Amino acid sequence: MNELALAVPWLGKRNPQAARWLVIAIAIGAPLVAMMFGRTWVRVLDFALLYILLALGLNLVVGFAGLLDLGYIAFYAVGAYTAAFLASPHFDLHTPIWIVLPLAAFFAAMAGITLGFPVLRLRGDYLAIVTLGFGEIVRIFMNNLNYPINITNGPQGINSLDPIVLFGWDLSRNIQVTEELAINSLFLYYYFFLACVVGSIIFISRLQISRVGRAWAAMRDDELAAKAIGINTRNMKLLAFSLGATFGGVSGVLFGTFQGFVSPESFSLMESIAVLTMVVFGGMGNIAGAIVGAIILSALPEILRHLAVPVQQALFGHVLLDPEVLRMLLLSLAMILMMLLRPSGLIPANAKYSHIRYLKAKGVTE
């Protein structure tokens, strides 16, 4: 929360307390403002929160531990299909969400460890190729495990996933307050996803200043030096992969139950690249950067999708570029501009360790 408050232009440095309350007000009131333009934009905000969870999880691997992962979306798929297997008519199982979530997190963590073991000694391009291949293997498996035994229903996907039910409240149904006033289900999902995001931020911020977070930072900066001072880099890498995968698995469950349908097409390589772009664009190793990058690069394509067609028709009389092409163009331009102008991202990562905060509190500067 403090990082987000400090990132607010002008107000963040002059009055952090006011900036903090502004961030809270925006987070709570965003769906109310979006609803003025239609329910579609509230749904966009819901998906933006899911991308924030994905970006936070990938930031653990890429930003904190310094391990490149181009197959991160595979863990998203593991979580989504876990929900599809355990809470849908596909196997006629209807497991409560409180059981599906930890199971999906566990399976995703196991998938992260499975990926981590073969790549312990790989770096750079080789690590990127192996993780990319892992992501594609998972997607292809999901696409083909429908013969001779139908497990994933192949490219047709699995539909009619059970919605999230909290304390007897079905989040997929509107809550009727009065005869004229009802709370839309999109709002219910939004605030539940927001609670998950806030919990994740608190957990990651505590983790970042812990011994594990400092070990990741040392390993990211110089792995050989980290080994020399006694850090078990093998275990730290496996922990980074498994924890990052856990966030992906939880996000996959939320995605599947929210959308009610999962298919292999939702977990392509381009989705992995999109999430990685969000982390790099916002600022690697920085919680606020991952959040801002996810919000911008998940919302702007939707804005382009709604504006591109009418603008092109008004200017040229016909559509020259499909909105999906513009989305990929936006991601590509974002990466190029970041690498050229701000290699550290929109919000560069700062030192977050307790001893540095202590020195600054005492007035000691570098």
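The model is predicted: local features need pLDDT of at least 70, side-chain atom pairs count only at pLDDT 80 or more, and totals for chains, interfaces and linings use all residues. Residues are numbered from 1 along each chain as its sequence is written, and side-chain values use heavy atoms, without hydrogens and water.

**Annotated spans.** Select residues 187-204, one of the spans that an unreviewed UniProt entry gives as "transmembrane region" (such annotations may be inferred rather than shown by experiment). This span is 100% helix, and its end C-alpha atoms lie 25 Å apart; helices are DSSP runs of H or I with at least four residues, strands runs of E with at least two, numbered from the N terminus. Next select 238-261, also in that record: 92% helix and 4% strand, with end C-alpha atoms 31 Å apart.

**Largest pocket.** Select Leu4, Val23, Ala27, Ile291 and Ile295, the closest to the centre of the largest pocket among its 43 lining residues. The pocket holds about 1,300 Å³ of space.

**Helix 9.** Select residues 211-221 and pick out Gly213, Ala215, Trp216, Ala217 and Met219, which are buried (under 20% relative accessible area, 1.4 Å probe, protein chains only). Then show helix 4, helix 8, helix 10 (223-228) and helix 11 (233-259), against which these buried residues pack (contact means heavy atoms within 4.5 Å).

Methods: On a 1 Å grid over the protein atoms alone, a cavity is a set of points where a 1.4 Å probe fits but cannot get out, and a pocket is an open set with protein on both sides within 12 Å along at least five of seven lines; lining residues have an atom within 4 Å of a point. Grid points are joined across faces, edges and corners, and a volume is the space filled by probe spheres set on the points. Buried means under 20% relative accessible area, exposed over 50%, partly exposed in between (1.4 Å probe, protein chains only).
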